[in-house]
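The structure is shown first, followed by the points grouped by topic.

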Amino acid sequence: MKKTFQNIEGTFDILPEAVDGAAMRRSEAWQYVEETIRAVMRRFAYEEIRTPILEPTELIARGVGQLTDIVSKEMFAFERGDTNYVLRPEVTAPVMRAYLQHHLGQRGGVQKLYYMGPCFRAERPQKGRYRQFHQFGAEVIGADDARADAEVIALMVVVYRALGLEDTVLRINTLGDEHSRPRYKEALQAYFEPHQEALSDTSRERLTRNPLRILDTKDEKERRLLDGAPRLIDFIDEESRNHYEALKAWLGSLDLDFVEDPFLVRGLDYYSRTAFELESPHIGAQSSLAGGGRYDLLAEEVGSKQRVPAVGFAAGLERLFLALDAQGIDLPATPPLDAFLIALGDEAVQWVFPAAHRLREAGLRVGYDLRGRSMKAQMRAANRQNARYVVIVAQDELEAGQAQVKNMGTSEQVPVAFDALTAYLNERKA
Ligand code: AMP
């Protein structure tokens, strides 16, 4: 027996029609969502950047941070010759690489960029967590001002609103700068040290290396411990504090609701000052739709001689679809065919093939049968593709030089001369 194949676990096919259990919408829905995202990005004056799927492993290791889950456990990385490649697990470090490599700062002003495309992480697949998933996101590079943080957050929220998702929850926090964070780290270590037995294995491991991540815990017992833990806000430097206050004021000026969450830290190392996350109450354990923050230190981490202030967000398309599904939001259906041409007999087939081509060149969406099936089967195909008109051509029609054109909505049928067909259908286009 011949071996058959299935897609790799944690990846999925996006099909013309959604398949039960695949939990992924049809390709047309993806296109609609992607186009909506692009339209919002354009409204906010962001330009698209496309970077390769493959990046140097070291860029990601240094950019995202050696101690993060992403770098320590989740990279799809491999070696070819003397080059180390990684399938990008996120896009912010690649965007910063491109910004530095091509001196985008020299275009003048602040660079406002957006991206959309696949990312890869070797995580345990579960609902909302896949091995190949799709992110879209935006980055503002070259601006210190807290308005940049507020604008990026507003942009993120507006994308979800544009798709009908209103009840998202925005959480914000400040992580302080590179001086205040180490002091907080020490205070956290001192606080958790005597409670070691109460910590999970993961948290105990994090205690020495990356104690901030313990704040992320979902474990109830650990959460209770957090109540008495030192708060980052008490450690942060004045400038970061001012920046945070300014951000809140700017968000307020846009009437954007937010919740302050002193334990919001995010899983990537490059954030400083602002951190934020957008959640949906409807999509289960993996409730984070999108997240981001300020990453003023990333540029230097990946080789820049100068500090480059920047802020951005990244969002998952699959989680966005989960949220749309959970709220029963219907996306526009696949547009119908303008016409389906039905040929009866060999001579009609000779006529239909080039006629369909001409109609398509004239801008109409047109289908026809490729298998020489019966009238009934061709009608069924026309119905399945939601054709608005059916154009029937048999021997009689060929002799008369006119087709029978049936309006599928009203069942009304009229003869239309061959040379008037394009104009007839064009006038009745959806
Ligand atoms: P992160 O880059 O980890 O901050 O993730 C940003 C967003 O990407 C998350 O809020 C999710 O929507 C999405 N995301 C991250 N990892 C995955 C994954 N493994 N599968 C699906 N979506 C993901």
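**Salt bridges and overall form**

Glu58 is exposed, at a relative accessible area of 52%. In this predicted model, the side chain of Glu58 forms a salt bridge with that of Arg62, at 3.2 Å from N to O. Arg62 is partly exposed, with a relative accessible area of 42%.

**Charged pairs**

- Helix α2 (residues 57-64) holds both Glu58 and Arg62, which are 4 residues apart, or about one turn of the helix.
- Arg129 and Glu123 are joined by a salt bridge whose closest N and O atoms lie 2.3 Å apart; Arg129 is partly exposed at 22% relative accessibility, whereas Glu123 is buried at 11%.
- A further salt bridge links Glu279 with Arg171, with 2.9 Å between the closest N and O atoms.
- Because Glu279 belongs to strand β9 (residues 272-279) and Arg171 to strand β7 (residues 169-174), this pair ties together parts 108 residues apart in sequence.
- Glu279 counts as buried at 18% relative accessibility, and Arg171 counts as buried at 16%.
- The whole structure contains 25 salt bridges.

**Overall form**

- The protein has 15 helices and 16 strands.
- Its radius of gyration is 28 Å, well over the 22 Å that the globule rule gives for 430 residues, so the protein is more spread out than a compact globule.
- The C-alpha trace spans about 95 × 55 × 45 Å along its principal axes.
- Of the 430 residues, 50% are buried.

Terms used:
Residues numbered from 1 in each chain as written. Predicted model: local features only at pLDDT ≥ 70, side-chain atom pairs only at ≥ 80, totals over all residues. Heavy atoms only, no water. Helix = DSSP H or I, 4+ residues; strand = E, 2+ residues; numbered from the N terminus. Rg over C-alpha atoms; globule rule 2.2 N^0.38 Å. Buried < 20%, exposed > 50% of the residue type's maximum accessible area, 1.4 Å probe, protein only. Salt bridge = Lys/Arg side-chain N within 4 Å of Asp/Glu carboxyl O.
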